[in-house]
Amino acid sequence: MKMTGLNIAMLWWVVVIFAVPMAHGSIDQSPKAVEKWFKRLPQAKEKLTKLHFYFHDTVTDKNPTAIRVAQANITSKSPTRFGETLVVDDPLTLGPEPSSKIIGHAQGIYSSVSKEERSLIMILNLVFNDGKFNGSTLSLLGSNSIFHEYREMPILGGTGALRLARGIATAKTYASNTTTRNAVVEYHVLVLHY
């Protein structure tokens, strides 16, 4: 293939874009940078990323990470807490211990949506603030029947290094206390992204 001046300039631009590291491991999220990223998308190769972390949901404590913001008139009489809604900013850690390294936060809401079983609708952004996914997010939206051993929820999108992500998050309760309602949940996440 004969290299023209235009081809050489384009090759140089690709080398510069991929070789120059971004400051603090983040990705430029300006409109122009995102547009350039989209223009390169047809040549990009899809990647599979596996993530493993623990979600710490603290409802009752001096410093809760989940706060009830709404409930229905029948919620207090419902065995499933039907109608209750909480806003969360739960830490995501490498290990199950509360003192384990924090790699991000699950920020969003969950609501009790079933009269028959303890099932939640989870609407979360998994916001990563450490490692190669620092500044990146994954969007999770799905049903979480908390007394089932494994719960599968879809990943519907992502930002930063996880742009256009799609995949599955599998949750398993590691520890929970029905009196305090505090829980630690283990997550395994598989995502395809560019």
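**Entry 1: L164**

I looked up L164 in this predicted model and found its place in the loop between β7 (151–159) and β8. Then I checked its backbone. L164 has a positive phi of about 60°, although it is not a glycine. I noted that down because most residues other than glycine have a negative phi. Next I asked myself: is L164 buried, partly exposed or exposed? Its relative accessibility is 36%, so L164 counts as partly exposed, since that class lies between the 20% and 50% cut-offs.

**Entry 2: R81**

I turned to another loop, the one between β2 (66–70) and β3 (85–93), where R81 lies. R81 is not a glycine, yet its phi is positive, about 60°. With a relative accessibility of 29%, R81 counts as partly exposed.

**Entry 3: the second largest pocket**

How much space lies in the second largest pocket? I wrote down about 470 Å³. I then looked at the 23 residues that line this pocket, and the closest to its centre are R118, I146, S176, R181 and A183.

Which elements give two or more residues to this lining? My list reads β1 (47–57), β5 (119–128), β8 (166–176) and β9 (183–193). Of these, β9 gives the most to the lining, with three residues.

Last, I sorted the lining of the second largest pocket by class. I got eleven nonpolar residues, seven polar ones and five charged ones.

Conventions
Residues are numbered from 1 along each chain as its sequence is written. This is a predicted model: local features need pLDDT of at least 70, side-chain atom pairs count only at pLDDT 80 or more; totals for chains, interfaces and linings use all residues. Side-chain values use heavy atoms; hydrogens and water are left out. On a 1 Å grid over the protein atoms alone, a cavity is a set of points where a 1.4 Å probe fits but cannot get out, and a pocket is an open set with protein on both sides within 12 Å along at least five of seven lines; lining residues have an atom within 4 Å of a point. Grid points are joined across faces, edges and corners, and a volume is the space filled by probe spheres set on the points. Helices (H or I, at least four residues) and strands (E, at least two) are DSSP runs, numbered from the N terminus. Ala, Val, Leu, Ile, Met, Phe, Trp, Tyr, Cys and Pro count as nonpolar, Asp, Glu, Lys and Arg as charged, and the others, Gly among them, as polar. Buried means under 20% relative accessible area, exposed over 50%, partly exposed in between (1.4 Å probe, protein chains only).
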